[in-house]
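User: I have a model open here and want to go through how some of it packs. Can you take me through it?

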Amino acid sequence: MCVPDTSYLSSPDFLLLSSRILLALDVPILSYGTYCILFKTPNTMRPVKWLILNLHFWSSILEIILSLFGVPFVFLPHAAGYGLGLIEAPKVWIYLGLCLLVAVDASIALIYENRYYMLYARDSQWAQVRKPCLAAVFTINLLICQPPFLLIPDQPTARKIVLEKLPSLPQYSFKGREMFVLSTSWEIPLISLTAGFFVLTPPIVTFLSLTFYHLAKSSSAVSHHTQKLQRQLIKALTLQSSFLIAILGVPFLAVIATMILEYHYQGLNNLIYVALALHGTGSTIVMILVHQPYRDFTISAICGRFKSPLGEQPELVSPSLRLTT
């Protein structure tokens, strides 16, 4: 006998509550991260300022899509489910989510490629081919996302197939919304996901390895202080991107595992969504902690606020007036 899973963890209510809590955290934390990048980035980090902002921007957009517009209630291992977000357009949000995921990975690759190029490869052969090579890698990755959306099945028939494969699903009602089925088999989405992973991972690993390799070598072209600053920056960027890769990679591996094993547990599917939706806020917190200028500014702002004397009165005369009197 097939018994439906009616636990709160497996319910759409858990997913909606989680998305609202995450959204309440997203807005102030992501906004604060943007402020730190724009106004608290020192001159020593100016070469990577806009690259960090680019990564933060795409990561933030992906987080908002997941927490506000998408909110995917997915029935893995099947590529089917409901969109519980603000606007009912599951096909659009899935496609945008995949494209934004590519943009996040591409932003990480660009950071390491830029550091390698600016520090060690300006006069190398890589300088002549870097732009077309990077454009080709990112274009190929976007094209890899297309096949599942070109083969979307007839929805009434596809819903019937999914419900036959998952007969224990509780009866859901989402204000007239219907289940969206991207594919009736897991092979095509799985191939697209793994192919995209293997296209973007090698550039990230290659440029990171090359940069650390050259940093480890002694160089007389720059001073010891400059080398120290470069190492600190690369280490901070590596910690930030490693957290982002991990918090995106672990759910990605979980999705692949459920598809290959054809295992369905809705509580796990909901937790995969929560982990994905945490990536932007978590990455911003890690960014503030690992980059010393942002960390020092945050600590000074917090300490300055809590150290204010209780009896201190606001200054009634502005400094400019005081100097002229």
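User: Which residues of α1 meet α10?
Analyst: This is a predicted model. On the α1 side, Leu25, Asp26, Ile29, Leu30, Tyr32, Gly33 and Ile37 make the contact, and they meet Gly280, Thr281, Thr284, Ile285, Met287 and Ile288 of α10.

User: What does that contact have by class?
Analyst: The contact of α1 with α10 has 8 nonpolar, 4 polar and 1 charged residues.

User: And at what angle do α1 and α10 pack?
Analyst: The angle is about 35 degrees, and the axes are 9 Å apart. Helix α10 covers residues 279-290. The crossing of α1 past α10 is left-handed.

User: OK, other helices. How far apart are the axes of α3 and α7?
Analyst: They are 9 Å apart, at an angle of about 20 degrees. That angle is why α3 counts as roughly parallel to α7, the cut-off being under 35 degrees. Helix α3 spans residues 90-120 and helix α7 spans residues 187-216.

User: Left-handed or right-handed crossing for α3 and α7?
Analyst: Left-handed.

User: Which residues are in that contact?
Analyst: From α3 there are Leu98, Val102, Asp105, Ala106, Ile108, Ala109, Tyr112, Glu113, Arg115, Tyr116 and Tyr120. They meet Leu193, Leu200, Ile204, Phe207, Leu208, Leu210, Thr211, His214 and Leu215 in α7. By class, the contact of α3 with α7 has 15 nonpolar, 2 polar and 3 charged residues.

User: Switching topic. Where does Ser10 lie?
Analyst: Ser10 is in the segment before α1, and α1 itself runs over 12-39.

User: Is Ser10 buried or exposed, and why?
Analyst: Ser10 counts as buried because its relative accessibility is 1%, and the cut-off for buried is under 20%.

User: What does the Ser10 side chain reach?
Analyst: The backbone nitrogen of Gly267, at 3.1 Å. There is also a polar contact of 3.2 Å between the side chains of Ser10 and Ser7.

User: What else does Ser10 touch?
Analyst: Leaving out residues up to four places away in sequence, Ser10 touches Asp5, Phe73, Tyr172, Tyr265, Gln266, Gly267 and Asn270.

User: Now the whole chain. How many helices and strands?
Analyst: There are 12 helices and 3 strands. The chain has 325 residues, and 41% of them are buried. Its C-alpha atoms fill a box of roughly 80 × 65 × 30 Å along the principal axes.

User: What share of contacts join residues at least 24 apart?
Analyst: 80%, among contacts between residues at least 6 apart in sequence.

How values were computed: Residues are numbered from 1 along each chain as its sequence is written. This is a predicted model: local features need pLDDT of at least 70, side-chain atom pairs count only at pLDDT 80 or more; totals for chains, interfaces and linings use all residues. Side-chain values use heavy atoms; hydrogens and water are left out. Axes are lines fitted to C-alpha atoms, for helices over the stretch in contact, and angles run from 0 to 180 degrees between N-to-C directions. Helices (H or I, at least four residues) and strands (E, at least two) are DSSP runs, numbered from the N terminus. Angles under 35 degrees count as roughly parallel, over 145 as roughly antiparallel, 65 to 115 as roughly perpendicular and the rest as oblique. A crossing is left-handed if the near helix is turned anticlockwise from the far one by less than a right angle, and right-handed if clockwise. Contact means heavy atoms within 4.5 Å. Ala, Val, Leu, Ile, Met, Phe, Trp, Tyr, Cys and Pro count as nonpolar, Asp, Glu, Lys and Arg as charged, and the others, Gly among them, as polar. Buried means under 20% relative accessible area, exposed over 50%, partly exposed in between (1.4 Å probe, protein chains only). A polar contact is a pair of N or O atoms within 3.5 Å; within protein, one must be able to donate a hydrogen and the other to accept it, and residues adjacent in sequence count only if both atoms are side-chain atoms.
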